[in-house]
Amino acid sequence: MHKTGDVVLGGLFQVHFFSSVPDLSFTSQPQQPTCHGMYVLGFKSAQTMAFAIDEINRNSNLLPNVTLGYTLYDSCLELGIGFRGALSLASGQEDQIVVDDTCVGNPPVIGVVGDPSSTNSIAISNVLGLYRVPMVSYYATCSCLSDRQKYPSFFRTIPSDAFQVRAMIQILKHFGWTWAGLLVSDDDYGLHAARSFQSELSVSGEGCLAYTEVLPWDKDTDELRRIVDLMKTSTARVVIVFEHPSRMMHLMDEVVRQNVTGLQWIASEAWTESAVLQTPHFMPYLGGTLGITIRRGEIPGLREFLLQIHPDLHHNSSYGNSLVNQFWEFTFQCRFAPAPAGWLEGGGALCTGQEDLGNVDNEYLDISNLRPEYNVYKAVYALAYSLDDMLRCKPGRGPFSGNSCASLQSLEPWQVCYHLQYCYLMFNVQLKEAQSSSQYARPPRSVCSESCPPGTHMVRRKREPECCFDCIPCSEGKITNKSNSLECTSCPEDFWSNPQRDYCVPKKTEFLSYHDPLGICLTATSLLGTFICAVVLGIFIYHRTTPIVRANNSELSFQLLLSLKLCFLSVRVSFVLSYSVSCSLLFIGRPRLWTCQLRHAAFGISFVLCVSCILVKTMVVLAVFKASKPGGGTSLKWFGAMQQRGTVLFLTSIQAAICTTWLVSSSPTPHKNTQYHNDKIVYECAVGSTVGFAVLLGYIGVLAFLSFLIAFLVRNLPDSFNEAKLITFSMLIFCAVWVAFVPAYISSPGNLADAVEVFAILASSFGLLITLFGPKCYIMLRPEMNTKTRVITC
């Protein structure tokens, strides 16, 4: 398409979808490439440039006394065709256009509007940039073209892909889509978009790509089948596509063939509003697509201009009329005469040229959604304003050498390029949601791994994207109270994790309590022993004058005073045992400083007092027996009542000194033990000095062993009621209990150690009580046995 003028602007547009490039065998002259498949929006964009130039020429305020012309070429989205057209525009050597009767070929252009393809723009700018021929693209979005060092004469009226990539990432973030697939075209537009998208996604940390595939340039069925198979099997439900509408149709044909539904498509600006994809054939699969689209504008008067075209019924050689004829045939689905062979036979109609274009409802006349056309319109005006600014320059104040200005007669493209860089055009990136059916009312889920709930932490899967992870529960004692945490935090010392591992709770406390079943049993047993001791004491007091009581601790003397002393001794022993049983209650309840100190002291002193009385009683029995032999009477003078009490007091005071030294040097204290259970705090009494506790137990053991040894030696005394046998048996039980106590106490954890100690106290106390006083009480309750004759017999 061509129009003469004082200054000519060039244009490159995609007026056809497809091209046929002949095979270059180099054995014959190659045929010229041909284009087919009318692209109505491309033709409309070319017409928009013609309208903008016509409007500028009618504007007396912009470029007055200067007429703009244009020369437009069809690139067919083919690099070779577009590059050939660009070189023809820059050199002015196209011989198919006759300007007038004297000049052959169109003059060189001072600026080019186009190309719509990023790949074509890169190649063309590399050449035109050498001569600073300005090129203003209305659709090339590759971010690589923003490099002013490599492309100094390239400009555009559309944002680079960097903006729509960021917008797409914001869409992913808004809907919570962290797992998506990326499909790109096999050209600079797609490959640079993929690189930019991966980089921005990595920096933002908003998601990961399940796959990145390059769509084939031609209709490679096998490759398309492989890619669609991958889309079908992938867990990613979101697919982002940077592709041109013509090749997007190839992909969608395979999607329809395999019936791949349920995908959420995100479209780049290249095919967001492509009418060739908004068909009943594709919409069941593309419904609900989200896309990035360029700014929509209004161009008053454009519709009327578009209606002015008419076909050339004379079929002259004008390329423009030929193109209009192609458009006319495409729009009305007819053919100009002579029609192709078989057209009429197949029911096809002939074009008359009188068809009414105004009654056709298609994209060509739709001015409600002018997007690429508006960019073309701005590109033409950008060049026009740059020319106007350059021609209004006042001599001596110009920007060029010697403050000179450019003139219309000697106008150079590089001068236009200089002024063009100071022309600013506003642009905006907007999000448009396509009309969706009910199946897309709710956005799909598209994540590689679901978010880790509180109480778990993320563990990356090896050799997989960072969005793919496993949610591992926090270990005991650690929590995380937020989603997608990378690690768990430990609870404070006195706290533990709850079962859900999302917050810390105070650790349970454990000690031998009065409310626990074990504590209740031990308490009841201790009170029972105290009660039995009280009953025994009452029985002894009530029967204090009977022979068994009188003979209880002497068996060798019939004197009243000795019997009375022995009776008090037995009462004293009963009282001591009663206290020993009651002291076990100090081991039950929450440990405190005073209970920890008192429990071991009371235990040690009470048992030493008990065993000391038994030891003295055993020694008295032995002394009495020896006194009954000839020459043995002197032995009794060492075991009078005062000596007995003094011996018991002396032996007990030794234990009191041991306890005092222990409490002063390294006293038992309450202790929070966390070694037995991680989730519990065991309250116990730390013994402080292990040596002190060992000396306390060792001293009791020494006295018990001496009592056992002496009682064993006198076990065969010739009395019918021999006290030494009972003492021997009681000491045997006592020693057995405490020998078993030591390893059991050491190996028992926490409150069980206290229970073991209480059990040892109760067991040994009951052993002494039953073995020493059980037989006596039995005799006292049987009057016929409680006689002098029955009790004492030689």
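View A. Phe 712 sits in helix H18, residues 690-713, and is partly exposed at 35% relative accessible area. The cut-offs are under 20% for buried and over 50% for exposed, with partly exposed in between (1.4 Å probe, protein chains only). Helices (H or I, at least four residues) and strands (E, at least two) are DSSP runs numbered from the N terminus. An α-helix has 3.6 residues a turn, so residues three or four places apart point the same way.

Before moving on, a word on the model. It's a predicted one, so keep in mind that local features need pLDDT of at least 70 and side-chain atom pairs pLDDT 80 or more, while totals for chains, interfaces and linings use all residues. Numbering runs from 1 along each chain as its sequence is written, and side-chain values use heavy atoms, leaving out hydrogens and water.

View B. Ser 689 lies between strand E25 (680-686) and H18, and with 19% relative accessibility it counts as buried. A polar atom of its side chain is 3.1 Å from the backbone nitrogen of Gly 692. For reference, a polar contact is an N or O pair within 3.5 Å; within protein, one atom must be able to donate a hydrogen and the other to accept it, and residues adjacent in sequence count only if both atoms are side-chain atoms. Setting aside neighbours within four places in sequence, Ser 689 is in contact (heavy atoms within 4.5 Å) with Trp 662 and Ser 666.

View C. Cys 76 belongs to the loop between strand E5 (68-74) and helix H2 (79-91), and its 2% relative accessibility makes it buried. Cys 76 and Phe 17 are 59 residues apart in sequence, yet their C-alpha atoms are 5.9 Å apart. Not counting residues up to four places away in sequence, Cys 76 touches several residues, among them Phe 13, His 16, Cys 35 and Ile 81. Leu 77, in that E5-H2 loop too, has a positive phi near 60° despite not being a glycine. Leu 77 is also buried, at 8%.

**View D. Arg 463, another positive phi.** Arg 463 isn't a glycine either, but its phi is about 60°. It's in the loop between strands E17 (456-460) and E18 (469-473), and counts as exposed at 81% relative accessibility.

View E. The 15 residues of H4 (161-175) reach 21 Å from first C-alpha to last, close to the expected 21 Å, where the expected span is 1.5 Å times one less than the number of residues. Its buried residues include Val 165, Met 168, Ile 169 and Leu 172. Just after H4, Gly 176 has a positive phi of about 75°.

**View F. Two cis peptide bonds.** Gly 114 and Asp 115 are joined by one, with omega about -10°; Asp 115 is in the loop between strand E6 (112-113) and helix H3 (118-128). Ala 337 and Pro 338 are joined by a cis bond with omega about 0°, and Pro 338 is in the loop between strands E14 (334-335) and E15 (349-350).
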